[in-house]
Amino acid sequence: MEAARAAAALEEAGFTPRAALFVALVVLAGGVFVRGFAARWIGDGDGRRGRTDRFLDTDVSAAWARAFRRDKGLVHERTHSSVVYHFRGKGLYRAVGAENSRYRRQLELEDWPRVVGRVLKAWAALSAPAWPWVFSVDAQLAVSDSLGVPRSVLPTRVYGVGKQQASYFPDRPLMALAGDRLVLVRPYVEDDLVDNTSSLRTWWRHYSPFVEAVGGAGVQVSLRLVRPAEAPNDPGVDDLLALWEAEGSAVEAVRDIWFGRQEVLRLEGGHPRVVEAYGGPEGVAERIRTLEARLAERRGEVVRGVADSEIWRAEGLPSSW
């Protein structure tokens, strides 16, 4: 697990185990957090400044200074009404195996919704530290390959005009694979310039082929939408979650799709015994038409949702950014 390896490396550098895991999860998930997350992490329920500040100043910043010397430490990025803590040091990212991470870059306030999305992903990782999180694109591709998911169905963004290059999972989701369950976390950020419900539907359209293929491998997909706890309810989000839930039929649908595909492949192979078993070429063609109609129906059930979905409310975020 990436977080466990990163935390072990930080412990070797002199961090306490509690601080090492905190820093590893934040750095890998988004690189930014707010003070309330640290308070929750150490169990400072009443938010007393002394305990949380000692954790940040001693267990995190002082340990960082000892381990990485003049490397940039915990940077306070002041925003409209709050302070966001940002891990920026190259030595730290190198220590956890993420030297080329874009999360090191200085925050741009004009791109504030994306920064808030990173804060929400860090909250999700800190809220479930025992989950086997998969952060990097390479690790997420390895998970997909291990499930037999073809790369043609992965969410992709293509860059370049002449020599084009594909970037998989371009929105950098949080992902965890535990047994026969894959969890996807997607931050939801209110942005006046974007139709958020339309954005979520577009996201689901890009991810539904991947979800279908994962389900075909016998793995249940769970979606977690993480949003600030103080944010008002959005009917569009509730509608989308209802689509994701799909009346409990999505898991069976993706499994039927997988088995149906295998039967179609056998029929299209044209083996004489198979053709004979179906009563000749006309029987094979009729069976393929029946299967294709059933697969189309089942794909519709998958597009209407998956078996498990939930809103995570990120407590501790400032009510105003």
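## Lining of the second largest pocket

The residues that line the second largest pocket divide into 12 nonpolar, four polar and seven charged. Here Ala, Val, Leu, Ile, Met, Phe, Trp, Tyr, Cys and Pro are nonpolar, Asp, Glu, Lys and Arg are charged, and the others, Gly among them, are polar. The structure is a predicted model, in which local features need pLDDT of at least 70 and side-chain atom pairs pLDDT 80 or more, while totals for chains, interfaces and linings use all residues. Residues are numbered from 1 along each chain as its sequence is written, and side-chain values use heavy atoms, with hydrogens and water left out.

The volume of the second largest pocket is about 640 Å³. Its lining has 23 residues, and A98, S101, F135, S136 and V137 are the closest to the centre. A pocket is an open set of points on a 1 Å grid over the protein atoms alone, where a 1.4 Å probe fits, with protein on both sides within 12 Å along at least five of seven lines; lining residues have an atom within 4 Å of a point. Volume is the space filled by probe spheres set on the points, which are joined across faces, edges and corners.

## The largest pocket

The largest pocket holds about 1,300 Å³ of space. There are 38 residues in the lining of the largest pocket, and D111, R114, R157, P170 and D171 lie nearest its centre. Two or more lining residues come from each of α6 (112-127), β5 (156-159), β8 (181-187) and α8 (196-216). By class, the lining of the largest pocket is made up of 17 nonpolar, eight polar and 13 charged residues.

## The chain as a whole

The chain contains 12 helices and 10 strands. Helices (H or I, at least four residues) and strands (E, at least two) are DSSP runs numbered from the N terminus. Of the 321 residues of the chain, 47% are buried, where buried means under 20% relative accessible area, exposed over 50% and partly exposed in between (1.4 Å probe, protein chains only).

Among contacts (heavy atoms within 4.5 Å) between residues at least 6 apart in sequence, 68% join residues at least 24 apart.

The axes of α2 and α6 come within 8 Å and cross at roughly 145°; axes are lines fitted to C-alpha atoms, for helices over the stretch in contact, with angles from 0 to 180 degrees between N-to-C directions. On the α2 side the residues in contact are F22, L25, V26 and A29, and on the α6 side they are K121, A122, A125 and L126. Seven of the residues in this contact are nonpolar, none is polar and one is charged.

V23 also belongs to helix α2. How accessible is V23, by relative area? V23 counts as buried because its relative accessible area is 0%. Apart from neighbours within four places in sequence, V23 is in contact with L10, F15, V60, F87 and L92. F33 is 10 residues from V23 along the chain, and their C-alpha atoms are separated by 10.0 Å.

Neither is a glycine, yet the phi of F169 is positive at about 45° and that of R172 is positive at about 50°. F169 is buried, since its relative accessibility is 0%. R172 has a relative accessible area of 23% and is therefore partly exposed.

## L177 in strand β7

L177 sits in strand β7. With a relative accessible area of 23%, L177 is partly exposed. Leaving out neighbours within four places in sequence, the contacts of L177 are P132, V143, L182 and V219. V219 is 42 residues from L177 in sequence, and the C-alpha atoms of the two are 9.2 Å apart in space.
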